[in-house]
Amino acid sequence: MNTKAISILILFITMTLATLQAQEVRPDGRLQLLKEDSQNSYESNSITNLDLLQALDFAGIQIKKFNLGEFQERYQLHLITETYKDDKVVKTDTIFSGDNRYHHFQAGEEDYFYDYLDQLKFITKDDDSKSEIRLHTYAMSTKFKIELEKWDDRQFYNWRSFGETTWKLNKKVPLMVFASSWEDKHYNFHRFCGTVILEEGEEGTEELLQESPTYVLISYIVTPMPVTDEENGD
């Protein structure tokens with residue numbers, strides 16, 4: 001390599017080193033969204049919670065939360081599923097059986113404290129006539145599955161929720177149903193009508209439950225705590 005070429009190479013290396021040394025380390029003050037998605041590929045600044053819920057629904061996933069109301073004392077809490085066929089119960093299962101309390105810790109305290117549940121949350125993942133369900137409370141979570149019969153290619157299943165779910169002592173309180181469409185013989189197609197928010201005794205709710213050839217009803221029941229031998233004085 002001749003002297004001129006060596007001089008050019010040395011000049012190039014010197015300029016590169018000078019450029020690198022001139023580049024400062026500076027804190028990245030951009031919003032977290034821009035750090036994680038600098039090209040805004042997901043258009044996250046314009047996506048709403050409704051958009052996300054609709055996308056989950058498209059993937060067969062729904063989130064349903066139910067208000068239990070207020071408790072002032074300890075009770076037993078039972079969650080059950082009832083499978084109906086032709087408007088008759090053909091199967092009953094218990095999802096959960098426990099009490100209505102959960103424990104929690106307070107900052108600076110060594111002991112834990114109890115409080116009462118005020119809601120139930122279900123996450124459902126549907127696949128045709130099947131649904132995988134996860135139940136969440138402040139105290140625990142559990143999974144279970146529902147699989148119903150399908151005898152027509154046009155048949156489909158939907159979830160519907162009840163609007164009034166406040167607890168009542170010794171009374172079954174319905175939460176939601178996984179119900180089948182039914183055949184409209186006049187127009188020769190499957191339909192799924194009735195109200196979106198269910199209500200016991202309401203006309204649209206009764207139509208859905210009576211017309212649906214098979215469905216699963218999820219409910220809960222609050223009952224008194226059993227009396228122990230000590231409390232009986234034995």
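User: Before we look at the sheet, when do two strands count as paired?

Analyst: Two strands pair if DSSP finds at least two bridges between them. Strands themselves are DSSP runs of E, at least two residues, and helices are runs of H or I, at least four, both numbered from the N terminus. A word on the source: this is a predicted model, where local features need pLDDT of at least 70, side-chain atom pairs count only at pLDDT 80 or more, and totals for chains, interfaces and linings use all residues. Residues are numbered from 1 along each chain as its sequence is written, and side-chain values use heavy atoms, leaving out hydrogens and water.

User: Thanks! In which order do the four strands of the open sheet lie?

Analyst: In general, strands of a sheet pair through backbone hydrogen bonds, either parallel or antiparallel. Here the order is β1-β6-β7-β8, with antiparallel pairing. β1 (61–67) and β8 (141–147) are the edge strands, each pairing on one side only.

User: How many bridges join β6 and β7?

Analyst: Strand β6 (residues 119–127) and strand β7 (residues 130–136) are joined by seven bridges. One to look up is Asp-127, whose bridge partner in β7 is Lys-130.
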